[in-house]
Amino acid sequence: MKYTLLFALTFILSFHAQSQFIMPGEKEAASFKDRKLIVQLRSFENDDKKLKKKIFKERISKNPQDIANYKEYLENVNESIKSAFNNYWNMHREIEYLNEDEIEDFLTKKDPKSYGIIKLELDRDYRPEPGSKVEIDGYRLSAFLAEKKSSFFSCMVPNDGLSPFEFNFLLSNIQKYINAASDGLSRKDKSLWDYERNLSIMKNNSLTLPKSALAIEEAEAKSFYKFPLNFTSDEEIISMYDEKPEGVLLPGMIFHSKKKVWMYVIIHPAKMDIVSLIPVNSGINFSVRTLMPGYSRNDAYAKAIELISLKSSSGFGKQQFKGIAHKLAFKLNY
């Protein structure tokens with residue numbers, strides 16, 4: 001697969017309910033923390049069921065080689081998921097890695113109220129438009145109490161081939177918000193989102209973007225953004241996602257589930273925190289279509305910069321650079 005730019009947070013990353021990362025309910029969050037954890041792995045059989053649903057029927061391929069490639073791809077995705085939770089998840093000591101059918105069988109022999117579940121699944125969201133709706137494809141990462149069908153926390157990401165950086169970012173923030181909720185904090189608590197703190201971080205760290213992300217000239221961008229700003233190659237950005245050097249801020253992308261738009265996020269790698277977020281493409285809504293997953297082994301370990309395919313009309317432009325450090329934008333977008 002050929003992608004341009006930004007890592008998509010992931011967060012780049014969507015969070016379903018209030019905005020990007022939602023605030024879970026206190027009781028559910030506390031209960032989830034006290035349980036053992038099941039992480040759901042992907043399987044061809046369960047993916048195939050979803051792909052055959054009407055909303056995803058355009059993705060079906062009957063080519064035997066495509067099916068074989070997809071199965072191999074899922075094996076690599078599952079390896080990435082297990083590695084991410086083993087390295088970046090510290091909320092639970094005991095983790096079971098099972099696919100959807102195995103979980104159902106497992107819970108017939110165990111007390112569901114002793115387990116929480118996290119899963120990453122193909123999904124679709126919608127944005128209402130006059131007389132129609134815009135379809136938005138992605139992969140939803142959700143947390144459940146095992147005895148309940150509805151998640152208490154979820155986010156949607158553009159692609160399932162997440163890099164270690166993305167997984168680190170996602171899992172760090174999921175734990176951050178679940179911990180905050182279990183402690184009874186509100187979503188507006190300054191420990192989660194503090195404009196003055198974020199502003200200070202932007203003043204003291206250089207926002208570093210790949211040149212391929214720019215929709216305007218470098219000089220013009222620097223005239224709109226009043227803090228340290230640096231542009232470099234895609235290759236150098238990739239190394240920064242891997243190395244997380246001091247003194248830089250890196251871009252990502254999330255789905256804002258209240259506004260129903262993709263948003264750029266500015267991430268502070270030292271703490272894996274968001275310090276700013278702003279609508280993609282100057283606030284003009286469009287759907288980032290998730291492509292059929294790549295098939296090569298390398299695709300399953302896609303670097304951050306390869307995770308989203310931006311439309312040619314998108315990118316960091318005048319409105320993004322004006323809004324990144326604007327107090328009103330901070331409040332409206334958070």
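So, burial: of the 334 residues in this chain, 57% count as buried. Keep in mind that this is a predicted model. The chain has ten helices and ten strands, and it exposes about 15,000 Å², with carbon and sulfur atoms supplying 47% of that area.

Okay, let's go inside. The largest nonpolar core has 87 residues, and F32, W89, M202, F321 and I324 are the ones with the most contacts inside it. Which helix gives this core its largest share? That's α5, with ten residues. There's also a second, separate core of nine residues, and L107, Y115, F144 and A146 are among them.

Let's stay with F32 for a moment. Leaving out residues up to four places away in sequence, F32 touches a whole list of others, including L37, W89, G116, F144 and I178.

Now back to helix α5, which runs over residues 164–182 and holds N168. Is N168 buried or exposed? The relative accessible area of N168 is 14%, and buried means under 20%, so N168 is buried. If we set aside neighbours within four places in sequence, N168 is in contact with Y88, K244 and M272. And have a look at F85: this residue is 83 places from N168 along the chain, yet the two C-alpha atoms are separated by 8.8 Å.

Next, the rings. To describe a pair of aromatic rings, you give the distance of the centres and the angle of the planes. We count eleven aromatic pairs here. One of them is W193 with Y334, a stacked pair at 4.4 Å centre to centre, with 5° between the planes. This pair links distant parts of the chain, 141 residues apart: W193 is in the loop between α5 and α6, while Y334 is in the segment after α10. What about burial? W193 is buried, at 11% relative accessible area, and Y334 is buried too, at 10%.

Compare that with Y225 and F227. Why do we call this pair edge-to-face? Because the planes are at 85°, and anything over 60 degrees counts as edge-to-face; the ring centres are 5.7 Å apart. Both Y225 and F227 are buried. Ring pairs also join them with Y264, F316 and F321 into a cluster.

Last stop: charges over rings. The charged end of K119 sits over the ring of F144, 4.6 Å from the ring centre. Then there's K133, which lies over the face of Y126, at 4.3 Å from the centre of that ring.

Definitions and conventions. Residues are numbered from 1 along each chain as its sequence is written. This is a predicted model: local features need pLDDT of at least 70, side-chain atom pairs count only at pLDDT 80 or more; totals for chains, interfaces and linings use all residues. Side-chain values use heavy atoms; hydrogens and water are left out. Helices (H or I, at least four residues) and strands (E, at least two) are DSSP runs, numbered from the N terminus. Buried means under 20% relative accessible area, exposed over 50%, partly exposed in between (1.4 Å probe, protein chains only). Contact means heavy atoms within 4.5 Å. Accessible areas come from the Shrake-Rupley method with a 1.4 Å probe; for residues, only the protein chains shown count as cover. A nonpolar core is a set of buried Ala, Val, Leu, Ile, Met, Phe, Trp, Tyr and Cys residues joined through side-chain atoms within 4.5 Å. Rings of Phe, Tyr and Trp (its six-membered ring) pair if their centres lie within 6.5 Å; planes under 30 degrees apart count as stacked, over 60 as edge-to-face and the rest as tilted. A charge sits over a ring if NZ of Lys or CZ of Arg is within 6 Å of the ring centre and within 35 degrees of the ring normal.
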